[in-house]
Amino acid sequence: MAGLRKAQKRVARLLAIVAHHDDEALYFGGLLSIASRLGARLHIVVVTAPAPGRKDSATRQESFRQVCERLGAEHTELSQPDDPRRFMMEAVRQGLLRIAEDFRPDIVLTHNADGEPGDVYRKSFQRPAGGHPVHELVHRSATCLIQSGIVKHLWTSGIGMDDADVLVEYDQREKQALLDCYAPRWRPHDYPFAYDPEPYVRISR
Ligand SMILES: [Zn+2]
């Protein structure tokens with residue numbers, strides 16, 4: 001109508017940065033499903049390449065791409081070695097900065113500062129209090145987005161943390177559909193929190 005201007009609706013943009021193919025579904029799948037359903041633009045970055053010699057090494061990338069297709073998410077794989085001794089943080093930071101400058105996310109989701117401590121990683125890495133060392137490194141890499149000022153809102157997974165700022169309730173069938181992309185070689189039952197409401201800790205500039 002003459003004289004009326006259409007309100008500009010900006011679509012929310014979420015950037016999820018995860019260490020491994022499967023972390024996006026396991027830690028963030030509930031929130032990503034909701035965001036997808038609401039029409040948000042999604043971009044998922046996986047930092048490492050699948051470690052060789054696992055029973056699902058050959059199928060993980062394909063499973064991840066199925067997850068992204070389901071969510072309508074763009075994706076980038078940085079293909080760093082899944083080994084804390086060979087992790088190249090500066091290269092990861094540069095890659096994340098480039099993606100964020102281009103995508104301009106409103107919120108970034110990533111691992112927490114302790115690498116999601118819990119029984120499963122305590123046993124695997126024999127670290128009494130720690131989580132997954134590569135999750136920790138991805139967290140430290142992603143904090144450069146806040147420090148650089150490109151990103152205002154960073155939400156980290158609250159798994160293994162004492163307190164959460166946000167608890168996201170989601171439709172379990174939607175998260176299940178994402179986890180199913182990795183089945184049958186990968187079992188969410190190894191992770192007792194897989195179907196709980198997702199806790200998040202907010203870190204803002
Ligand atoms: Zn992981």
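Modeller: Two strands pair if DSSP finds at least two bridges between them. Strands (E, at least two residues) and helices (H or I, at least four) are DSSP runs, numbered from the N terminus. This is a predicted model: local features need pLDDT of at least 70, side-chain atom pairs count only at pLDDT 80 or more, and totals for chains, interfaces and linings use all residues. Residues are numbered from 1 along each chain as its sequence is written.

Biologist: OK. What stands opposite Arg13 in E2?

Modeller: Arg41. E1 (residues 13–18) and E2 (residues 41–48) pair in the parallel sense over six bridges.

Biologist: And which residue in E4 is the bridge partner of Leu15?

Modeller: Val108. E1 and E4 (residues 107–110) are also parallel, with four bridges.

Biologist: Is E1 largely enclosed or left open?

Modeller: Five of its six residues are buried, so E1 is largely enclosed by the rest of the structure. Buried means 20 or more other C-beta atoms within 10 Å of the residue's own, with C-beta atoms placed from the backbone.

Biologist: How is E6 joined to E7?

Modeller: By three bridges, with E6 and E7 (residues 198–204) running antiparallel. Leu167 has Pro199 in E7 as its bridge partner.

Technical notes. A residue is buried if 20 or more other C-beta atoms lie within 10 Å of its own, exposed if 12 or fewer, and partly exposed in between; C-beta atoms are placed from the backbone.
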